[in-house]
Amino acid sequence: YLCTMAAGFLLQFASAPAVVAPRRHPAVVGRASTIGGTPAVTDRTAVGTLSLPSLGIGTIAWNGKTEEDKARIAGVAAAAQARGLDFFDTAERYGASPLSLIPAALAGLGLPVDKSYLGGDCESNLAEWGRGATVATKFTPTPWRRQASDVVDAARGSCERLGVDSIDLYQLHMPDIIQPFRAFGVVDRKDEIYWDGLAEAYKSGLVRNVGVSNYGGALLERAQEHLARQGVPLVSNQIAFNLLCRREGSLATLEKGNELGVRTLAYYPLAMGLLTGKLAARNLRQAVLEKRVSPQRAADLCRYLEGGSGGTAGDIPRNGVLPLLEAVSDVAAARSKTPAQVALNWVMCKGAIPVGGASSVSQVEDNLGALGWRLEPSEVGQLDAAADDLPFDFKGAGFQTTDSKFVGYGFERWVLN
């Protein structure tokens, strides 16, 4: 039984919303800067004390295993910063290897093992690749971290790995959902203690701004009120949000954030590439043969593209996302933009900052084209209608989902609605 539970925790950590005008966060949209010709210099958004480009870069895949990979990622980071895309989002768990996580799994069961840092190496990489950038990172709630001081200690460790005196934006990675003994009637939620930890880290100067991730509107409001009583502003909430992921509470959560003055950061803004118009089922199947994509992830993405049942995707009708992709492509053609740029801009029009991955300089260049302009309300409405016509939502692919973590004994879920 203990081995099964340990494997569950190992798997858990191996993966890691008409226009709604934000009420309290002015986003500055200007003409492309003459300095390098990049709109990222002027198209920026206030998040707490930070002025961020209205488009961030997620670094979950920035954990190169070879010298060639590391050089490529370093080049991507340098190209992004040179173009003004200087907001990088990471987490203490990003880049963790399965072997390094075995102790974390055992510690989660309360066994007497070393509880020193058990995360990944993305933070350490960003000390070099992200020097000078604005970096957000995250604390992961686990069963063996049950005190406010654990959050403070983790923030201090992240500072050391990032090579900074204080963290620009420190976030809780998810609600306290990992409850390994729930089946036995034992549930020990510590969300308020983690909020206290954020407050202590903020007041100590270890972090400049605090945020949360994967919080629905009700929990978001509770967290904001709890922190406000201690004089600490809650500035952000990071959730899965894109044209394919608007129901089941995502859009309502974003709107609640706008109401509260809490900025939404949107991960999976391109739905794992589905909204770029570049994914093809035949290429995904070939990538499985070449062991570049896991069979489970590819199978789910193919279901979204072609239709089918099963996996994380669930029941997808014939032709899947094609009707929405056609609508996105129509707007893109009229705008002389790419589908990805239109999909990212739609997220911005809803009041969120899309945080997408970038594995090449060409992706950085394409993402940059989403800045410096906004879709017209009629175009947003056109895209909303096309998305509403789909009878399904994007739920992720493989073991990477939009509302849960797979922990071996099942999926532990958060609920936005």
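Here is a walk through the model, starting at the barrel and ending in the loops.

This is a predicted model, so local features need pLDDT of at least 70 and side-chain atom pairs count only at pLDDT 80 or more, while totals for chains, interfaces and linings use all residues. Residues are numbered from 1 along each chain as its sequence is written, and side-chain values use heavy atoms, leaving out hydrogens and water.

Let's begin with the barrel. Eight strands close up in the order β4-β5-β6-β7-β8-β9-β10-β11, with parallel pairing. On average, neighbouring strands of this sheet are turned by 25° against each other, direction ignored. A few terms before going on: strands (E, at least two residues) and helices (H or I, at least four) are DSSP runs numbered from the N terminus, and two strands pair if DSSP finds at least two bridges between them. Axes are lines fitted to C-alpha atoms, for helices over the stretch in contact, with angles running from 0 to 180 degrees between N-to-C directions.

Now zoom in on β6. Strand β5 (residues 87-89) is joined to β6 (residues 134-139) by three bridges, and the two run parallel. Here Phe-87 stands opposite Thr-134, and Phe-88 has Val-135 as its bridge partner. Four bridges link β6 to β7 (residues 169-172), again running parallel, and Ala-136 sits opposite Leu-169 there. How enclosed is β6 by the rest of the structure? Largely so, because six of its six residues are buried (buried means under 20% relative accessible area, exposed over 50% and partly exposed in between, with a 1.4 Å probe and protein chains only). Both faces are covered: Thr-134, Ala-136 and Lys-138 are buried on one side, and Val-135, Thr-137 and Phe-139 on the other.

On to a pair of helices. α4 (residues 122-129) and α5 (residues 148-162) pack at an angle of about 40°, their axes 7 Å apart. That is why α4 and α5 are oblique to each other; angles under 35 degrees count as roughly parallel, over 145 as roughly antiparallel, 65 to 115 as roughly perpendicular and the rest as oblique. Glu-123, Ser-124, Leu-126 and Ala-127 of α4 meet Ser-158, Arg-161 and Leu-162 of α5, where contact means heavy atoms within 4.5 Å.

Two buried residues deserve a stop. Leu-55 is in the loop between β3 (50-53) and β4 (56-58) and is buried, with a relative accessible area of 1%. Leaving aside residues up to four places away in sequence, Leu-55 touches several others, including Leu-85, Leu-344, Met-348 and Leu-371. Leu-55 and Ala-352 are 297 residues apart in sequence, yet 9.0 Å apart in space, C-alpha to C-alpha. Gln-224, in helix α7 (residues 217-228), also counts as buried, at 19% relative accessibility. The side chain of Gln-224 reaches the backbone oxygen of Leu-260 at 3.0 Å.

Most residues other than glycine have a negative phi. Tyr-268, in the loop between β10 (263-267) and α9 (281-289), has a positive phi of about 55° although it is not a glycine. Lys-291, in the loop between α9 and α10 (295-306), has a positive phi as well, near 60°. Is Lys-291 buried or exposed? Lys-291 is exposed, with a relative accessible area of 77%.

Technical notes:
Polar contact = N/O pair within 3.5 Å; in protein donor to acceptor, adjacent residues only side chain to side chain.
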